[in-house]
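Subject: The structure for you to look at

Hi,

Here is the structure I promised to pass on. Have it open while you read, and I'll walk you through what turned up.

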Amino acid sequence: MSKLLKIMLLGCLSMSAFAEEAKLEKIQVPTDKPSIAKGAEDWINNCLTCHTMKYVKYRDLLSLGIDKAKVDGWRGEASLDTPLTAQMPEAVAMATFAKLPPDLSLMAQARDGGPNYVYSYLIGYYVKPDGSVGNHIFPETKMPDPLGISSAANAAERAEKQKTAKSIVTFLTWAADPHAGERDTLGKYVIAYLVVLSALLYVVKKQIWSRLK
Amino acid sequence: MSGPIINWIDKRFPLTSFVKHELTDYPTPRNLSYWWNFGFLAGIVLVLQVATGIFLAMHYKADATLAFDSIQHIMREVNYGWLLRYMHAVGASAFFFVIFVHMARTLYYGSFRAPRELLWWTGQGLLLMLMATAFMGYLLPWGQMSFWGATVITNLFKVTPFIGEQVVIWLRGDYSVGDDTLTRFFSLHYLFPFLIIGAVIVHLVALHTVKSSNPSGIDLKDKDNIPFHPYFTAKDLYGLGIFLIVYSVFVFFMPNSLIEPANNVPANPMMTPNHIVPEWYFLPFYAILRSVPNMFGGVVAMALSVMMFAFMPFLDRSRIPGGARYRPIYRLQFYLFLIDMLVLGYVGYKPPTNPSIVVVGQVATFCYFASFFVVPFVSKMEENWLIKRGLPAGIMELMEREKRDLEARKEEHRRRKGDRI
């Protein structure tokens, strides 16, 4: 028994020793199409300059209910089946940042914390005492404050930028798993079916076993 | 079964007698609890994995430059590809969960004891094959964790005496994990499930030879056995319904809860992730590997930790039947072992940068092996103690009878030997 106590005690000690990690802001990510479509627009305006989303095509944006004319404006000469590709040529990006800006297709699922991480990172920019801009969540980041949140003049402007960040994250979350909505709907039917099926199987089992004395 | 077609077949193939012998007349203890459902569930999960896997393989590309993209192609463009992939990924976890419960039940009720040793050992072989299959399958998405997990684990084979370096290269097909590793892992990941199906048949033949154990631990009289079909088919199907509900909750509502975020980043040999962790089902064994400071020792300890279960028929020397049911100390050992497994899992998940985690891991590793090594002594002492304290009449009677049978067999053996001289 003392073995057990010792293990549990040690377990508790180690638990407390690990409670120090950068705190992430928790957000509820909307899953309705209008929010995602708004997010797509914000993403294209703020991120597409440098970032690519190679698994999402312009055609996919139409399925979100975005106006065809708007999509045509964004894609220009490119066909509808072109992936969302960064406007900045790779050579320029390499020269500016010494590394390529990452593809954002799966970003909402590629970090611990998922969408919360991306949101906290986007609003995590601040002005250091020496005047340069840093980031609380990812201090080594090479990306300059994309929304200018570190230079927000007042609370209202900051709130506005936080709203944009959340909107972008909404789009990123959809882009990382575009069938999530369909999965959710289908899942409810599947579970309902399985519950009824299991109930029936239970009755069958009861009935069959009742033959035993 | 009757009818002209069945008759025609029966003259050429033992169909009716097979169904009778293995299903409709197959005697099964009527007191089996729902803990006995998990073998059947493991079989179903195996079928699910093979079925989804075959369809995934139609769209997957085993090529280092295409693998990651082909997974996203499955997730986005293939009709219900996301469903196939999530079923397969969650299915791997479900497989281990079901197998762990199946093993825990065997340990708790002492089902590994004579005459079921071969049944237990074929199961042990199945566990090893399942682990190999899961490990190779994990490389296929070609994410960061896939790549580095495979790198770390294949690297362990360096400790092979004399030919370590060659063995690692032979496994990888290259000096480092790369395209050649991916293609061979894909090939073997497709092959192994069929070897597993073969081994499952051996497992079932062994089962049908010795029949199921049961919670009482006593071999039941004929009147307490009931035919497998329809009684246990009905019970197993109800259990399957419940299992599928839990499985579907994961597949549809939290499919990413078991996928490491880092595996959504394509494999990059130039960049090591901050913290390499295996899938949850390998965590306790991974913790044991890391708890031994010396690499050779760690690999041996990890291999041994998986194989320890095979020694249980020799380690458990108690003659009291029924596993933990009539044996309070064995029961306590069982639960302590489960807690130790959970602690090891937690340690395996945490980065080893914290010294207190390392110490916890070493203590838990020690406890892991100690809990096996004390079994022979504790089981014998417990037996003496329990006999002194008094056991239920049926149990005592059974033990007396087994003792008499053993004496009689020995006597017979001596007599025959005498005859020959």
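How much space lies in the second largest pocket? About 1400 Å³. Before going on, please keep in mind that this is a predicted model.

**The second largest pocket**

This pocket has 47 residues in its lining, and nearest its centre you'll find B:Gly39, B:Phe40, B:His203, B:Leu204 and B:Leu207. Six helices of chain B give two or more residues each: α2 (15-24), α3 (38-59), α5 (81-108), α6 (117-139), α9 (179-210) and α10 (228-253). The biggest contributor is α9(B), with eight residues. Sorted by class, the lining of the second largest pocket comes to 27 nonpolar, 15 polar and five charged residues.

**Cavities**

Searching the whole structure turns up four cavities of 30 Å³ or more. The largest cavity has a volume of about 780 Å³. Its lining counts 38 residues, with B:Gln49, B:His88, B:Ala89, B:Gly137 and B:His189 closest to the centre. In chain B, α3, α4 (67-76), α5, α6 and α9 each put at least two residues into the lining of the largest cavity. Which of them gives the most? That is α5(B), with eight residues.

Among the residues lining it are B:Leu107, B:Phe309, B:Met312, B:Tyr330 and B:Gln333. Two helices of chain B, α14 (328-349) and α15 (355-373), supply at least two lining residues each, and α14(B) gives the most, with four. There are eight nonpolar and two polar residues in the lining of the second largest cavity, and no charged ones.

**Chain B as a whole**

If you zoom out, chain B has 17 helices and two strands. Its C-alpha atoms fill a box of roughly 70 × 65 × 50 Å along the principal axes. Of its 421 residues, 49% count as buried.

Why does B:Val277 count as buried? Because its relative accessibility is 5%, and the cut-off for buried is under 20%. While you are there, look for B:Thr183 too: B:Val277 and B:Thr183 are 94 residues apart in sequence and 23 Å apart in space, C-alpha to C-alpha.

**A nonpolar patch on the surface**

Now turn to the outside of chain B. A nonpolar patch there is formed by B:Leu118, B:Trp121, B:Leu128, B:Phe296, B:Val300, B:Leu304, B:Met307, B:Phe311 and B:Phe314, which together have about 820 Å² of accessible area. The elements giving two or more residues to the patch are α6 and α12 (295-307) of chain B, and α12(B) gives the most, with four.

B:Phe314 belongs to helix α13 (residues 312-315) of chain B. Is B:Phe314 buried or exposed? It counts as exposed, because its relative accessibility is 55% and exposed means over 50%.

**Salt bridges**

Last topic: charged pairs. Over all chains, the count comes to 18 salt bridges.

- A:Lys38 pairs with A:Asp42, with the closest N and O atoms 2.7 Å apart. Both lie in helix α2 (residues 33-46) of chain A, four residues apart, which is about one turn of the helix. A:Lys38 is partly exposed at 46% relative accessible area, whereas A:Asp42 is buried at 11%.
- A:Arg59 pairs with A:Asp81, and here the closest N and O atoms are 2.8 Å apart. This pair links distant parts of the chain, 22 residues apart: A:Arg59 is in helix α3 (residues 58-62) of chain A, and A:Asp81 is in the loop between α4 (68-75) and β2 (83-84) of chain A. A:Arg59 is partly exposed at 40% relative accessibility, and A:Asp81 is partly exposed at 41%.
- A:Asp177 pairs with A:Arg183, the closest N and O atoms being 2.5 Å apart. Both A:Asp177 and A:Arg183 are buried.

Back in chain B, salt bridges that share partners join B:Arg113, B:Asp316, B:Arg327 and B:Glu382 into one network.

Happy browsing!

How values were computed:
Residues numbered from 1 in each chain as written. Chains lettered and ligands numbered in written order. Predicted model: local features only at pLDDT ≥ 70, side-chain atom pairs only at ≥ 80, totals over all residues. Heavy atoms only, no water. 1 Å grid on protein atoms, 1.4 Å probe; cavity = no way out; pocket = protein on both sides within 12 Å on 5 of 7 lines; lining within 4 Å. Points joined across faces, edges and corners; volume = space filled by probe spheres on them. Nonpolar A, V, L, I, M, F, W, Y, C, P; charged D, E, K, R; others polar. Patch = residues over 30% accessible without salt bridge, like charges linked within 9 Å, V, L, I, M, F, W, Y side chains within 5 Å. Areas by Shrake-Rupley, 256 points an atom, 1.4 Å probe, with all protein chains shown as cover. Salt bridge = Lys/Arg side-chain N within 4 Å of Asp/Glu carboxyl O. Buried < 20%, exposed > 50% of the residue type's maximum accessible area, 1.4 Å probe, protein only.
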